[in-house]
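Let's take a walk through this one, starting inside a chain and ending where two chains meet. Keep the viewer open as you read.

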Amino acid sequence: MESWQTRFKTAFSPSSRQKYWIWARQNLLSTWSNVLLTLVSLGIIATTLTALGTWIFTQAQWEVVTVNLRLIFVGRYPVEQIWRLWLVLMLLVTVPALSWGVMQGWGRRESAWGIGGGAGLVGAITLSNQGLEPTAWLCCITGIALGSGYLGAWSQQQPWGKPLKTWLPLLWFLTFFVMLWLISGGLGLTTVSTTFWNGLLLTLLVAVVSIVLSFPLGVFLALGRQSQLPVIRVVSTGYIELIRGLPLIGILFMAQVMLPLLLPPQITVDQLVRAIAGLSLFSAAYLAETVRGGLQSIPNGQWEASRALGLSTPLTLSLIVLPQALRTVVPAIVGQFISLFKDTALLSIVGLVELTGIARSITSQAEYLGRYAEVYLVLGLIYWLFCYGMSVASRRLELPSGS
Amino acid sequence: MKAVKSQPWNHPKFWPWAAQILVLGLIGLLVAYCGSNLVANFQQKQLSFGFDFLQSQAGFNIGETPIPYQPTDTYAQALGVGIVNSLRIMALGLVLATLMGTGIGIARLSSNWLVRQLGTVYVELFRNLPLLIQLMFWYFAVFLSAPPFEQRIRLLGDLSLSQRGLLLPNFLPRVSLLSWIICIGIGVAIARWVFRTLRRRQLEGEPASPWFMATITVIFWGCIAWVLTKEFPWNLELPAVRNNNITGGLLLTPEYSAILFGLTFYTAAFIAEIVRGGILSVPKGQWEAARSLGLQPNLTLRLVILPQALRVIVPPLTSQYLNLAKNSSLAIAVGYPDLYSVSSTTFNQTGRAVEVILLLMATYLAISLTISLVMNLYNRRIQIIER
């Protein structure tokens, strides 16, 4: 391993300077039109960066964000109960880290990402004057997450590691309910009404619950559309095409307005439940088309081979076809999840106070009128980090071929 | 050997039929349950079903009215305004997003490293942000935060950006447009014939330049049109500003500009990825084969690469077009009176949930079906014809 001094020296030695020049000549300056393009691009970059930099450091007033940071993340969740949300965050980071350790191993790169992310959050929190408590929580959570990543990787070298890998889905399942319990309360904790679940908390919750609910429905619809049975095929196709022809906002509106009309008057459905119902029903149609792509990629020989082995249709589907089909479309399913995550922003139009909804209420605070750009920039950053993170993770994730 | 008694459920057709009847039964039960609840709820709230409310006076104002409308007009007229407003956004958005997306998609394949990186940054930035956030950013942070008209940001001449919106030149059709259309139509028809004849001759080995002659034909008929009418069919009308009064030109309101920019920038990021994937899907050997046949680079692109790439591009492009059409309903977030926004106001005033939703569904389904029909026809034209 060479030291950074030698690396620095080789990077700027005459021979490597020549190398850079050759690279630049080939990639930036090969023809006259290319030179022109390079200049135009440099111009665009310079203008954008200077304008953005000047605005961020001199004109923007970040007070509107720092004062409302708690509102953005958890909304009007009772302050004395916020420790429960910190625990949720801890689970939210620990379980994926553990799974990543088990599935992919835990090396330097993962630690660097973990420490970088943790340090970034701690830095942002410290810069925005939130006091000592969040910093302490974040440091603690980062440490535990790193530890669980290493634990996951280490467990795979132990004899008891294999069953852990098999039982991971169950762990996720249980974690989800524990988190739901921590958020909503009951069973010894103070109950917190759903009207106080706002901000990023609500966005994440709605996104996760909707995708979990829409997944089985989507798979059933995809199977139905591929089915040999005419009634089932027509019903599935009709549902998928109907939903895909409508805008999401129309479906959410329908869920808010029509659902109470379609249920007996004595049953009242929570606004949050109606929103989740709308999102899941919407997402299932799109997921069905994704899964159908996977089903179509399975060669007919697989069906014939399993029939020759004497497996019935349900067994063939659940043991042979679906596992293969779902594995090929995992990236597309992640893409679907990303778009569902983005779509949760629409809930603010039908009156839920999730991340976008809270932004609307912040920009209408009398003392921060007109501070739109600051709020939407921070909001955009949060959404972007989640979406981009998911897409990068799905590209990096290599699924074991044998499972 | 004991004879096995044949049970009905062992019959190979039994389970498929049972499953179908079960599904039908469940759907029937669901419909009956929801229907009876709907009737009960209607009776309890003393609502009635019917579309006659469309003929009563709407009484609300609409910000942008491309077709005549006053608050004293009917709900039907108001919804008509909404539909036209929606179509206005969709049409321009589709064209601009396609152009911009194609440009960025090609930029991502550029041989210039910097251009490629810029394209990647654009795509990753705009694809991973919710459209609603982008719309609100455009509306609140850009167009509403623009300076008042007196201190407008001048872009070029009298074209400007201010709180009143984007001031752009307008294309006005003249009376002679009809004569122009007829002349050019005749020209194109003759040019087609000329092109086919010359192309056949060219393929038989005789020297001929079909493209050149066809173009000349169209230009010739354009000249005839010019001689007949002595004017251009379009009048490029530049806006003029005197004492802060705008005359002429095209003023895009902040609402329209915000939704147009938001939809275009968002959809362009997706279209760019589709275009890039399509061009990458053409094997490298095709470029090399075309070059070894002596085809020039632009001919290679037009005759060899594009026809093959289009086959891959068009199906996902169709679904992006549909997304753009559906996403235009987010206009309500910036207060642009599109179909969804007008319907929402109508529902709030009349309380006719079922009727409004039915109208909304029917209109959006009709628009979606039209787009996919047109795109499928186009798709069928460009697909490989297998012999």
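Helices here are DSSP runs of H or I with at least four residues, strands are runs of E with at least two, and both are numbered from the N terminus. With that in hand, look for A:L355, which sits in helix α17 of chain A. This is a predicted model, where local features need pLDDT of at least 70, side-chain atom pairs count only at pLDDT 80 or more, and totals for chains, interfaces and linings use all residues. Residues are numbered from 1 along each chain as its sequence is written, chains are lettered from A and ligands numbered from 1 in the order in which they are written, and side-chain values use heavy atoms, with hydrogens and water left out.

Is A:L355 buried or exposed? A:L355 is buried, at a relative accessible area of 0%; buried means under 20%, exposed over 50%, and partly exposed in between, using a 1.4 Å probe and protein chains only. Setting aside neighbours within four places in sequence, A:L355 is in contact (heavy atoms within 4.5 Å) with A:I72, A:G199, A:L200, A:T203, A:L379, A:I382 and A:Y383.

Now move to A:S214, in helix α10 (residues 199-226) of chain A. A:S214 is buried as well, with a relative accessible area of 0%. A polar atom of the A:S214 side chain lies 3.2 Å from the backbone oxygen of A:I211. Beyond the neighbours within four places in sequence, A:S214 is in contact with A:S280, A:S283, A:A284 and A:L287.

Zoom out to the domains, whose bounds come from an automatic or database domain assignment. Chain A splits into domain 1 (78-191) and domain 2 (199-403), and their C-alpha centres are 25 Å apart. The contact between them takes 10 residues from domain 1 of chain A and nine from domain 2 of chain A. About 790 Å² is buried between these two domains, 79% of it from carbon and sulfur atoms; buried area is the accessible area (1.4 Å probe) that two parts lose on being put together, summed over both. On the domain 1 side of chain A, A:W100, A:Q104 and A:F176 supply 45% of the area buried against domain 2, more than any other three residues. The count of salt bridges between these domains is zero, a salt bridge being a side-chain nitrogen of Lys or Arg within 4 Å of a carboxyl oxygen of Asp or Glu.

Finally, on to the meeting of the chains. How many residues of chain A are in contact with chain B? The number is 53, and they touch 50 residues of chain B. Chain A and chain B bury about 4600 Å² between them, with 75% of it on carbon and sulfur atoms. A:F253, A:L261 and A:K342 supply 14% of the area that chain A buries against chain B, more than any other three residues. For chain B itself, the division is into domain 1 (75-150 + 256-382) and domain 2 (177-229), with C-alpha centres 33 Å apart.

Technical notes
A polar contact is a pair of N or O atoms within 3.5 Å; within protein, one must be able to donate a hydrogen and the other to accept it, and residues adjacent in sequence count only if both atoms are side-chain atoms.
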